[in-house]
Amino acid sequence: MKRYIAFLLTFVFVMSLALTGCGKANDSKDSSTSTQTESSSSKETKKEETKTEKKEEPAGDAGANEANEVSNDPNVKVINLWSFTDEVPNMLEKYKELNPDFPYEIKTTIIATTDGAYQPALDQALASGGADAPDIFCAEAAFVLKYTQGDASQYAAAYKDLGIDVDRLLKEAEIAQYTVDIGTNPDGNLVGLGYQATGGAFIYRRSIAKDVWGTDDPNVIKDKIGPGLDKFFEAAEELKQKGYGIVSGDGDLWHAVENSSEEGWIVDGKLNIDPKREAFLDYSKRLKDNNYHNDTQDWQDAWFADMKDAGAKKIFGFFGPAWLINYVMAGNSGGSAPGEGTYGDWAVCEPPVGFFWGGTWVLANKDTKVPAAVGDIIEWITLDSSETGLQYFWANGTLNGPGGTKDTVASGTVMKKSDGTLDFLGGQNMFDVFVPAGEFANGKNLTQYDETINLYWRDQVREYSAGNKSREQALADFKQQVADNLDVIVE
Amino acid sequence: MRRKGLSYAKYGYIFCIPFVLAFLIFSLYPIIYTAVIGFTDLKGLGRTDFKILENPFQNFITIIKNASFQQSLKNTIIIWVVNFIPQILIALLLTAWFTNHRNKIKGQGAFKVLFYMPNIITAATIAILFYSLFGYPKGPVNDLFMMLGITDEPIYFLIQKSTARGIVSFIQFWMWYGYTMIVLISGVLGMNPELFEASEIDGATSAQTFFFITLPNLRTILLYTLITSLIGGLNMFDIPRLFLLGGPDNATLTTSVFIYNQAFSGSYMYNRAAAASMIMFVIIAILSGMIFYIMRDKDAAQLKKFQKKQQKALRAAEKAGRRADG
Amino acid sequence: MRVKSNKSLYIGKIIKYFVCIFLAILSIFPFWIMLTNATRSTYEIQQNSISLIPSTYLLDNIRVLLGKSFNPLKGFINSMIISTGATLCTVYFSSLTAYALVAYDWRLRQPFFTFILAVMMIPAQVTSIGFYQFMYRVHMTNNFLPLILPAIASPATVFFMRQYLLATLSIDIVNSARIDGAREFYIFNKIILPIMKPAVATQAIFSFVGSWNNLFMPLILLTDNDKYTMPIMVSLLRGDIYKTEFGSVYLGLSLTVLPLFVIYFMLSKYIIAGVALGGVKE
């Protein structure tokens with residue numbers, strides 16, 4: 001018997017050596033045996049890819065943001081794009097329309113950030129490399145720092161290495177400073193830029209404002225709900241007397257609190273709870289105990305329902321940037337023209353505390369085989385302030401013809417020549433409020449683990465406000481969860 | 001006969017080669033690999049090089065001390081026990097009913113097909129479905145409860161630890177009792193009909209027949225069910241992860257979700273995840289060993305009987321018996 | 001005795017039917033909700049997420065669903081390739097191994113069976129870290145083979161098949177075939193496999209369902225969206241971050257279940273008839 005066991009074990013180890021030893025050989029064999037499962041065209045590009053991979057020398061030297069000479073690999077015909085919404089993929093449709101000679105096929109992968117699925121998948125695709133690796137990828141504010149400055153920053157290409165004249169264009173387009181700060185890697189190279197400006201405002205119901213305060217004028221309402229959260233809670237009480245909730249759930253207020261704090265979750269590798277963020281425990285409790293909201297969770301059914309009065313009580317307003325209006329609220333208002341559902345019954349005013357929320361940064365893979373083409377696309381999206389640049393279309397809602405959704409964009413130059421009048425807001429020009437709101441946005445309080453840490457934090461806050469545990473316990477449990485699950489020092 | 005058996009014996013080996021090969025490559029090698037990673041500093045994205053830690057057991061110590069891991073182990077066991085007990089009871093009850101020759105249930109074919117059905121839906125689908133069923137402040141279950149006067153205020157099911165765990169257990173129960181039932185029925189159908197006839201002649205009631213004839217003879221299949229369910233239960237992943245992401249407050253965090261979180265979200269701590277995996281492996285091996293040990297005697301006896309019937313050489317049988325004992 | 005317990009028998013019967021019908025409703029209910037919601041608008045679903053009555057928005061939902069990067073046909077084909085491949089591997093090689101364990105008298109037979117029982121205890125997820133790193137090293141990510149080939153070694157199925165063969169196989173059939181000059185592989189393929197049909201069908205259902213619904217491994221190994229399986233697509237359906245089109249989400253969910261339904265009902269007669277396993281030898 002022992003003989004057999006010994007034989008088995010030796011066999012296993014020989015096997016394992018053989019398998020790890022000849023990974024390359026295996027690969028080519030596999031791709032030829034798996035013709036049934038792979039389309040033949042993708043197989044071919046894979047082979048070509050591996051050939052060129054060996055020739056290519058990794059480009060990249062630190063220095064000023066001056067454009068470097070770049071050229072495309074003529075054998076590559078596909079650009080892989082990874083995103084968590086269909087925004088950037090739709091932009092590329094337009095880009096192809098504007099550039100009929102564009103010779104590349106765009107292969108798009110869209111994975112939503114809900115359930116935290118996007119990052120692990122993207123990370124693996126970046127790490128695996130090869131023909132399936134992303135050439136262009138998008139990152140959201142909650143985790144963009146990981147790709148520009150954190151654990152995964154080694155994959156991001158400097159814009160200058162894509163042939164983009166960064167310094168000149170930044171000035172010309174008057175790009176908001178916080179998107180530049182966030183998109184700059186530790187070597188001082190710009191690796192990512194956003195196309196949106198995501199400074200936030202308070203978006204409220206005109207009819208409810210009239211009912212409670214006799215007017216729906218944003219200049220009056222902003223002084224009712226702010227400045228400062230004390231006034232905000234006074235307003236909540238007034239609204240409650242009339243049977244309204246001021247916000248849908250505590251999550252609405254969270255985004256305002258999160259991004260108005262001085263410091264982020266991690267300072268010098270240690271967990272840091274900014275006093276402003278810690279105070280959110282009390283705000284959440286106060287909202288819940290006084291029944292100021294419908295106790296919904298953002299991005300869940302009941303939250304969307306409150307945008308069209310389908311909740312337990314009518315909700316006065318939401319905290320959000322311009323994208324929330326067009327991409328979330330308009331679609332969930334129960335109508336598409338004034339008079340239908342809550343459409344047209346909204347207005348925006350200055351929020352009680354300044355904040356910004358979200359935004360998409362566009363990055364390139366430094367191993368891309370077609371840096372020039374990728375650079376052209378990224379320049380068009382993030383730095384082109386002309387009237388055929390993406391941001392002009394984006395701000396005016398003309399990306400897919402007139403009448404599309406409008407949004408605030410990162411380029412101040414573009415904002416100056418754009419018009420933000422919306423039927424959804426009863427004809428208000430939202431840019432009047434959102435452009436100054438952009439000043440509150442800063443990239444200083446973000447960290448690379450925000451998405452994960454926020455998940456734990458919000459969970460514990462809910463436990464506390466629901467009365468399931470004490471404030472101290474919630475804080476202790478939060479620290480414990482961060483320590484247990486992340487490579488972060490917790491004191 | 002014996003001679004003949006010997007001359008064909010090589011086919012016994014030949015026919016097992018595919019199984020053994022696939023096992024070595026796809027199971028054993030990854031297990032060894034996982035075990036090795038557990039002793040190293042392999043963490044961070046896209047890394048493949050690693051070295052053994054100064055204190056090789058550092059990851060194991062970290063994991064065992066990790067409060068979330070302890071919590072996840074507790075959750076996993078609670079959720080498994082709460083789902084498995086009703087599951088096996090209902091499955092046994094249905095098996096008794098469906099294999100009872102004296103009063104057959106009409107339409108039992110249809111019932112069998114329906115009972116297994118929840119198992120064929122993707123966990124992702126079930127998670128979404130139950131999420132909306134238990135919605136708060138508005139949701140069908142809350143509406144129903146308020147309509148029936150069970151509660152005056154909507155219940156926030158998904159942030160109460162006990163209800164959240166209860167719902168996960170229920171989903172697991174609901175998905176798997178049909179499967180367990182089918183396996184158990186297969187076991188009963190394989191029994192010698194004479195056994196049942198004899199007990200009927202002796203005037204035993206259905207219940208007596210079930211408890212004194214069916215159940216004892218179902219031992220092997222019950223063992224199979226117990227072991228597979230234990231393994232499945234301790235590796236519960238899809239529902240806890242998709243339904244509430246392990247929340248609220250870690251109440252539905254199972255060890256598999258914990259391992260996934262360590263390895264694939266946040267900090268990519270492959271080494272800690274590997275250590276946690278190996279700890280789970282040891283726990284499962286010990287528990288399974290205990291179950292085997294409890295059922296050891298009868299099993300070995302059955303094996304011996306069977307081998308006699310096959311006219312196997314006595315010596316080989318004893319040897320095997322000793323192996324099963326050891 | 002029959003006369004005596006007539007009344008209690010009657011009550012017992014009512015209880016039995018009550019329980020069975022209750023469980024049956026519990027089984028059908030979610031499917032029904034899923035299908036009706038697939039025909040309802042997002043607005044209707046938000047107002048009242050459960051309705052037993054279908055609505056009229058099926059076509060709208062189809063349009064929305066296809067407008068997303070959701071490609072049910074692709075997911076269906078991918079899932080089909082993986083699940084069929086894995087199922088064939090599982091049932092064929094498990095039957096073969098089980099046959100080797102029952103029909104042949106070889107020295108390591110008993111140790112090998114003990115070994116299989118032991119292997120049964122190794123959960124796939126425990127080895128996932130090593131498996132993933134291994135596949136990553138040999139560049140087998142985004143390939144279906146790592147999802148199909150491991151199915152060759154499925155100890156639980158071998159165990160099931162062995163129990164079935166113990167109950168049904170008569171060695172005389174094998175011997176007479178040998179006398180006719182049949183070779184061992186021929187005997188297995190042409191004589192034994194047909195005998196095992198009910199067990200194969202049952203295990204095929206279990207294995208197909210398990211493979212079709214597997215989320216963990218494909219999620220880790222497949223990053224190319226051309227290779228996504230149905231469950232990956234479903235788990236991503238929920239998250240169009242800006243706007244959740246519930247109607248089309250449910251439609252997508254329904255679409256993923258439909259192929260399973262067809263296969264399940266095709267093979268369900270084996271579930272109804274039942275498979276006799278040799279649990280015990282008298």
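Me: In this predicted model, does B:Asp249 count as buried or exposed?
Reply: B:Asp249 is found in the loop between helix 11 (238-244) and helix 12 (255-264) of chain B. Its relative accessibility is 5%. Buried means under 20%, so B:Asp249 counts as buried.

Me: What is phi of B:Asp249?
Reply: Most residues other than glycine have a negative phi. B:Asp249 has a positive value and is a residue other than glycine. Its phi is near 50°.

Me: Which residue forms a salt bridge with B:Asp249?
Reply: Across the interface of chain A and chain B the rule finds one salt bridge. The closest N and O atoms of the B:Asp249 pair are 2.3 Å apart. The cut-off is 4 Å. The partner is A:Lys469.

Me: Which element gives the largest share of the side of chain A that touches chain B?
Reply: Between chain A and chain B, eleven residue pairs are in polar contact, both residues at pLDDT 80 or more. Elements giving two or more residues to the chain A side include helix 5 (118-128), helix 21 (450-465) and helix 22 (471-485) of chain A. The largest share is seven residues, and it comes from helix 1 of chain A.

Me: How much area do chain A and chain B bury between them?
Reply: The size of an interface is often given as the accessible area lost when the parts come together. The contact takes 47 residues from chain A and 37 residues from chain B. Carbon and sulfur atoms carry 54% of the buried area. The area is about 3,300 Å².

Me: How much area is buried between chain C and chain B?
Reply: Here 110 residues of chain C are in contact with 110 residues of chain B. Carbon and sulfur atoms give 74% of the buried area. The area is about 10,200 Å².

Me: How many salt bridges does the rule find across the interface of chain C and chain B?
Reply: Polar contacts are found there: seven residue pairs, both residues at pLDDT 80 or more. For salt bridges across the interface of chain C and chain B, the count is zero.

Me: How many nonpolar residues does the side of chain C that touches chain B have?
Reply: Across this interface the rule finds seven residue pairs in polar contact. Helix 1 (residues 6-37) of chain C gives the most to the chain C side, with 17 residues. By class, that side has 19 polar and twelve charged residues, and the nonpolar count is 79.

Me: How many of the ten residues of helix 6 of chain C are buried?
Reply: Helix 6 spans residues 128-137 of chain C and is mostly covered. Among its buried residues are C:Phe131, C:Tyr132, C:Phe134 and C:Met135. The buried count is nine.

Me: Which residue with a positive phi follows helix 6 of chain C?
Reply: Most residues other than glycine have a negative phi. The residue after helix 6 of chain C has a phi near 55°. That residue is C:His139.

Me: Is A:Glu174 buried or partly exposed?
Reply: A:Glu174 is found in the loop between helix 7 (166-173) and helix 8 (177-182) of chain A. Its phi is positive, near 50°. Its relative accessible area is 38%. Buried needs under 20% and exposed over 50%, so A:Glu174 is partly exposed.

Me: What ipTM does the model score?
Reply: Chain C averages a pLDDT of 81, and 88% of its residues score at least 70. The model has a pTM of 0.79. Its ipTM is 0.83.

Methods. Residues numbered from 1 in each chain as written. Chains lettered and ligands numbered in written order. Predicted model: local features only at pLDDT ≥ 70, side-chain atom pairs only at ≥ 80, totals over all residues. Heavy atoms only, no water. Contact = heavy atoms within 4.5 Å. Buried area = accessible area lost by both parts, 1.4 Å probe. Salt bridge = Lys/Arg side-chain N within 4 Å of Asp/Glu carboxyl O. Polar contact = N/O pair within 3.5 Å; in protein donor to acceptor, adjacent residues only side chain to side chain. Helix = DSSP H or I, 4+ residues; strand = E, 2+ residues; numbered from the N terminus. Buried < 20%, exposed > 50% of the residue type's maximum accessible area, 1.4 Å probe, protein only. pLDDT = per-residue confidence, 0-100. Nonpolar A, V, L, I, M, F, W, Y, C, P; charged D, E, K, R; others polar.
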